[in-house]
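Before we go through the fold together, please have the model open beside this text.

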Amino acid sequence: MKRTAAVLGGDLRQVWLARLLLEDGFDVATWGLEQGGAPNAVPLSQALEARLLILPLPVCRGGQLTLPLTDTRLEAEQLWPRLRYDQLLLGGLTGELSPRLMADFGLTLADYYDREETQIANALPTAEGAIQMAMERTDRTIHASECLVTGCGRIGRLLAQRLQALGAHVTVSARRYSDLAWAAVWGYGRLHTGELSGNLEKFDLIFNTVPALLFDAALLRQVREDCLLLDLASAPGGVDQEAAKDLGRRVQSALGLPGRVAPRTAAAAIRDSIYHILEERGEPI
C-alpha cells in the first residue's frame, strides 16, 4: 500500500520535511508552502485526502493555521470539520488542542515536537543559531567575551559548551543546586538565579533560555547598555520587552531558530519523531 502524506503549512522546516519524506518513498502532497518552493503543491481539498496530515510547528497562531510561506489564511476552526476520523494528524506544540479535537471531532492529533529526542535534536541548531546571531550583532569576538547563560536545560547546556569552546568566559545561572554543581564540573562560573541582581554589570553577552519572565525592569537596569541580551525562551519569553525599550537595552528575540538557521536539520528531527510515533502506534513506515 502506497504511503501517503500531506504537509500543510509551516515554515522551511516543513518544506524540507516534505522533501525528506519524498526521498523515503512517501507519496507527498503539500499545501501552503509555495513561497518556500515545496514539492508537489496541490489544492487544499486534494491535500486533505491523505491518510497522514502533517501540520505546522506551532499548529496555530491567533486561531489561524501557521502559514508564513503563503498569502492564504485559514482559520483552524474551518479546517477541523473537513477532516476524517481515520486520518492521523501530526503537529507541533499542540497544547490542549489534541484532547479537544478528539472530543469535538473524533480526530487523533499527536505532537511530533513534544518528545525528548526531538527537543534534544532542536537544541543544537538553537544553540548554534544563537551564537551566529551574537556574532552578527556585536562588535567583539566571542573569544574572551564575558557570557552569561541563564538556565541549564538542553539549550543552556549545549550553548554554554559551545561558547566555552570558542574561548568565551562562561557563567551559568540556574535555580537548582544540582545544575550549578554540573556547571562547576564543566568549568563554568556559577550564579544562582536568585542572585543575578548585583552581578550583571560585567557581561558582554547574555543568553536567556528561561521560559518565564526573568529580566524585568529592575534587572534590565543593571545590564550594560552595550550588552546584547538574546532571548531564546519560548513565547512570551523571559524579558520585559517594553522595559528594555524604555531603558535602551539591546534585546533580541530569537524564537524559532532551528527553522531559521538550520531548517534541513530541524526537518530531519521532525521526520524521525514522526517515524517514532508511527512505529509506536503500529503504523507502517
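The questions that follow go through the sheets, some helices, single residues and aromatic rings.

Author: This is a predicted model, in which local features need pLDDT of at least 70 and side-chain atom pairs count only at pLDDT 80 or more, while totals for chains, interfaces and linings use all residues. Residues are numbered from 1 along each chain as its sequence is written, and side-chain values use heavy atoms, with hydrogens and water left out.

Reader: Which residue in E7 is the bridge partner of Leu90?
Author: Strand E6, residues 88-91, pairs with E7 in the parallel sense, over 4 bridges. Within E7, the bridge partner of Leu90 is Ala110.

Reader: How far apart are the end C-alpha atoms of H1, and what span should its 12 residues have?
Author: The expected span of a helix is 1.5 Å times one less than its number of residues. For the 12 residues of H1 this should give 16 Å, which agrees with end C-alpha atoms that are 17 Å apart.

Reader: What do the buried residues of H1 pack against?
Author: Buried means under 20% relative accessible area, exposed over 50% and partly exposed in between, with a 1.4 Å probe and protein chains only. In H1 the buried residues are Arg13, Gln14, Val15, Leu17, Ala18, Leu20 and Leu21. Their packing partners are E1, E2, E3, helix H10 (257-261) and H11.

Reader: Which strands are at the edges of the open sheet of 6 strands?
Author: The strand order in this sheet is E10-E9-E8-E11-E12-E13, with parallel pairing. Each edge strand pairs on one side only, and these are strand E10 (189-192) and strand E13 (250-253).

Reader: Is Thr150 buried or exposed?
Author: Thr150 has its place in strand E8, and its bridge partner in E11 is Asn208. Not counting residues up to four places away in sequence, Thr150 touches several residues, including Ser173, Leu196, Phe207 and Leu214. Because its relative accessibility is 0%, Thr150 counts as buried.

Reader: What is the omega of the cis peptide bond that joins Leu57 and Pro58?
Author: Most residues other than glycine have a negative phi, and most peptide bonds are trans. Pro58 is found in the loop between E3 and strand E4 (60-61), and the cis bond from Leu57 to Pro58 has an omega of about -5°.

Reader: What is the phi of Asn40?
Author: Asn40 is found in the loop between E2 and helix H2 (44-47), and with a relative accessible area of 41% this residue is partly exposed. Although Asn40 is a residue other than glycine, its phi is positive, near 55°.

Reader: Which residues form the aromatic cluster?
Author: Rings of Phe, Tyr and Trp (its six-membered ring) pair if their centres lie within 6.5 Å, with planes under 30 degrees apart counted as stacked, over 60 as edge-to-face and the rest as tilted. By this rule there are 3 aromatic pairs, among them the stacked pair of Trp182 and Trp186, at 5.5 Å centre to centre and 25° between the planes. The one cluster is formed by Trp182, Trp186 and Tyr188.

Reader: Over which ring does the charged end of Arg3 sit?
Author: A charge sits over a ring if NZ of Lys or CZ of Arg is within 6 Å of the ring centre and within 35 degrees of the ring normal. The charged end of Arg19 sits over the ring of Trp16, 4.7 Å from its centre. For Arg3, the charged end is 4.4 Å from the centre of the ring it sits over, that of Phe26.

Definitions and conventions. Pairing = 2+ DSSP bridges. Helix = DSSP H or I, 4+ residues; strand = E, 2+ residues; numbered from the N terminus. Contact = heavy atoms within 4.5 Å.
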